[in-house]
Every structure is written in C-alpha cells, then in structure tokens.
Amino acid sequence: MTPLRLGYLYGIGAYLLWGFFPLYLKLLRPAGPLEILAHRIVWSVVFVALLLAALRNIGFLRALLRRPRALAGIGVAAALIAVNWGTYIYGVNSDRVVETALGYFINPLVVVLLGVTVLRERLRPAQWVALGVGGLAVVVLTVDYGRLPYLALTLALSFGGYGLVKKRLGLPAAEGLFVESAVLALPALAYLGWLIAAGDAAFGHVSAGHTVLLMLAGAATAIPLLLFAGAANRLPLTSLGMIQYLAPILQLGCGVLIFHEPMPPARLAGFALVWAALIVFTVDALRASHRARAAAMATAPAPA
C-alpha cells in the first residue's frame with residue numbers, strides 16, 4: 001500500500017471516529033461532564049504511557065525536562081485542550097450536538113483569524129471574504145439562538161489555539177498527548193477522589209459496562225489523534241483540509257438524525273452561510289496550493 005493511500009485511510013479513520021464520538025459520550029451518562037473529562041484525562045495518561053512503554057519511547061521525557069519553554073507551552077496546550085474537551089462533553093450531554101458540530105465547521109476560519117491576529121499573516125482577498133461570510137453566519141445564528149453560539153465559539157477558539165501552540169511545540173502526537181494529559185492528571189485525580197469521598201461518583205456505581213466505557217475514554221481519545229498524526233505525515237495539507245469536514249458533517253447528522261435536535265430554517269440558513277464560507281476558503285486554498293506547486297516546478301533546475 002502506498003504512503004498516500006495509507007494516509008487517506010488514517011485520516012478518514014480519525015475523522016470517522018471523531019464524527020461518531022457523540023454516540024460514545026451519550027453512553028457515559030449519568031456521569032457528569034466534569035467526571036467524564038477527569039476520566040478522559042486520567043485514562044489517556046494510562047493508555048499512552050502503556051503505548052510509549054511498548055514502543056520503548058519513554059526517554060523523550062528526560063530531554064523535554066531540559067526545555068522550560070516547551071514545558072510552559074505544554075501547560076498552555078493542556079489548558080486549551082481541557083477547555084475544548086470539557087466544552088464538547090457538556091455540549092453533547094446537554095443535547096446540543098448541532099452546536100458542537102458548528103464549532104468544528106467554523107474552526108478553519110478561526111485558524112485563519114488567529115493567523116492574522118497572532119502570527120501577523122496577510123490574508124488573500126478570498127480569505128477575507130470567507131471570514132466576512134463566517135462572521136455574518138455567527139450573527140444569523142445569534143439571532144436564531146437568542147444568544148451567541150458560545151459553545152461553538154469556545155470549541156473553535158480553544159481548538160484553534162491548541163493547534164497553534166502544538167504547531168510551535170512540534171511534539172509527536174503520542175508524546176504530546178501524554179505530557180498534556182499528565183499535566184492535567186493531578187487535578188483530575190483530585191476531583192475524582194473528591195467525587196468518590198462525597199458519594200457522587202458514577203464510576204463503579206452504574207453498571208460494569210458503564211465502568212468499562214469510562215475506562216476506555218483514554219483509548220477513545222488517543223486512537224483518533226494517533227491516526228490523525230499518521231495522516232498528517234503522509235498527506236498534503238490541502239487533502240487533509242478537505243477530509244477534516246467529515247467529522248462535523250457526521251456530528252451534525254448525529255444531532256439532527258439520531259438525537260432529533262431541532263434545525264429551524266434560520267439555523268439552517270446560518271449553517272448554509274458557514275458552508276459557503278468554507279467553500280470559498282477551500283477553493284482558495286486549493287488554488288494557492290496549485291500556484292505554489294506550479295511556481296516550484298518552474299523554478300526547479302532541469303535534470304542533467
């Protein structure tokens with residue numbers, strides 16, 4: 001199998017798992033969002049530690065401890081991903097899967113916005129158009145909801161910021177997830193201990209199947225991230241960008257078709273504007289990639 005085909009399989013696998021993740025989270029009720037988040041953190045540490053031990057790759061920690069700036073960056077990344085995970089869990093288990101899907105639809109636009117505001121990048125005209133249409137979509141959805149779609153915005157901003165920090169850190173997927181989860185593990189364990197002492201923990205008190213599902217939260221978190229890393233190492237960025245829309249499309253389908261969440265006309269209009277912005281954004285990215293390849297071929301030295 002060629003690396004390109006394997007990359008597509010990894011990417012589609014990752015986004016399929018993320019797309020159907022709401023179905024898994026619904027099974028974790030009646031555990032509350034914070035308890036689910038704490039288990040997700042703790043079991044992620046356990047799962048990835050076992051994986052790294054099997055790969056005999058624990059030694060990276062020694063080198064990392066000698067990089068204080070990287071450790072500070074990991075702390076920021078850990079805080080951002082905790083906000084993202086917690087918001088997503090809360091959104092799914094409060095029957096707002098459609099709004100969480102919106103967050104991942106607008107995430108590419110937020111990434112572009114972060115590039116302008118944080119990295120001082122210059123946008124092409126089409127990118128400004130995409131941002132403008134995306135902003136109009138948020139206005140329409142705010143009118144429809146009667147409030148800002150704050151869950152969607154929190155998800156998009158936290159994941160966009162997380163991606164920005166991770167890009168600067170440059171850590172491999174498994175090692176990065178292990179350290180980020182380890183940073184959060186102590187408060188997560190403290191919260192779980194408090195829940196158990198207060199008699200409010202769902203873990204171990206619902207059913208054996210529910211307990212196993214909570215323990216599998218680490219694998220459910222790590223496996224799609226590792227698949228995504230495998231795809232990112234094999235696919236062009238434009239191909240990966242096209243596949244990323246698979247997850248929110250599936251999440252939206254789960255919300256509307258499986259959980260029967262409402263989709264009134266005004267909300268559908270807001271989503272249509274988001275999709276229009278994404279079409280403009282994607283077409284522009286494909287054209288820019290094509291122009292870059294053509295320029296590279298034009299300047300490449302002729303074979304001897």
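Hi everyone, a word on ground rules. This is a predicted model, where local features need pLDDT of at least 70, side-chain atom pairs count only at pLDDT 80 or more, and totals for chains, interfaces and linings use all residues. Residues are numbered from 1 along each chain as its sequence is written, and side-chain values use heavy atoms, with hydrogens and water left out.

Let's begin with helix H1, residues 3–19; helices here are DSSP runs of H or I, at least four residues, numbered from the N terminus. H1 has 17 residues and spans 24 Å from its first C-alpha to its last, close to the 24 Å expected at 1.5 Å a residue; that expectation is 1.5 Å times one less than the number of residues. Buried residues in H1 are Gly7, Gly11, Gly13, Ala14, Tyr15 and Gly19, where buried means under 20% relative accessible area, exposed over 50%, and partly exposed in between, with a 1.4 Å probe and protein chains only. Leu4 counts as partly exposed, at 42% relative accessibility.

Now the inside. The largest nonpolar core has 44 residues, and those touching the most other members are Leu25, Ile36, Val48, Leu64, Tyr88 and Phe178. A core here is a set of buried Ala, Val, Leu, Ile, Met, Phe, Trp, Tyr and Cys residues joined through side-chain atoms within 4.5 Å. Which helix gives the largest share of this core? That is H5, with ten residues. Apart from this core lies another, of 25 residues, among them Phe105, Ile106, Val112 and Tyr245.

On to charges. How many salt bridges does the structure hold? There are six, each a side-chain nitrogen of Lys or Arg within 4 Å of a carboxyl oxygen of Asp or Glu.

Take Glu99 and Arg147, whose side chains meet at 3.0 Å, N to O. Glu99 sits in helix H6 and Arg147 in the loop between helix H7 and H8, 48 residues apart. Glu99 is buried, at 1% relative accessible area, whereas Arg147 is partly exposed at 26%.

Next, Asp284 bridges to Arg124, with the closest N and O atoms 2.8 Å apart. Asp284 lies in helix H14 and Arg124 in the loop between H6 and H7, so this pair ties together parts 160 residues apart in sequence.

Finally, Asp144 in helix H7 links to Arg267 in helix H14, 123 residues away, at 2.6 Å, N to O. Arg267 counts as buried, at 12% relative accessibility.

Note on methods:
Helix = DSSP H or I, 4+ residues; strand = E, 2+ residues; numbered from the N terminus.
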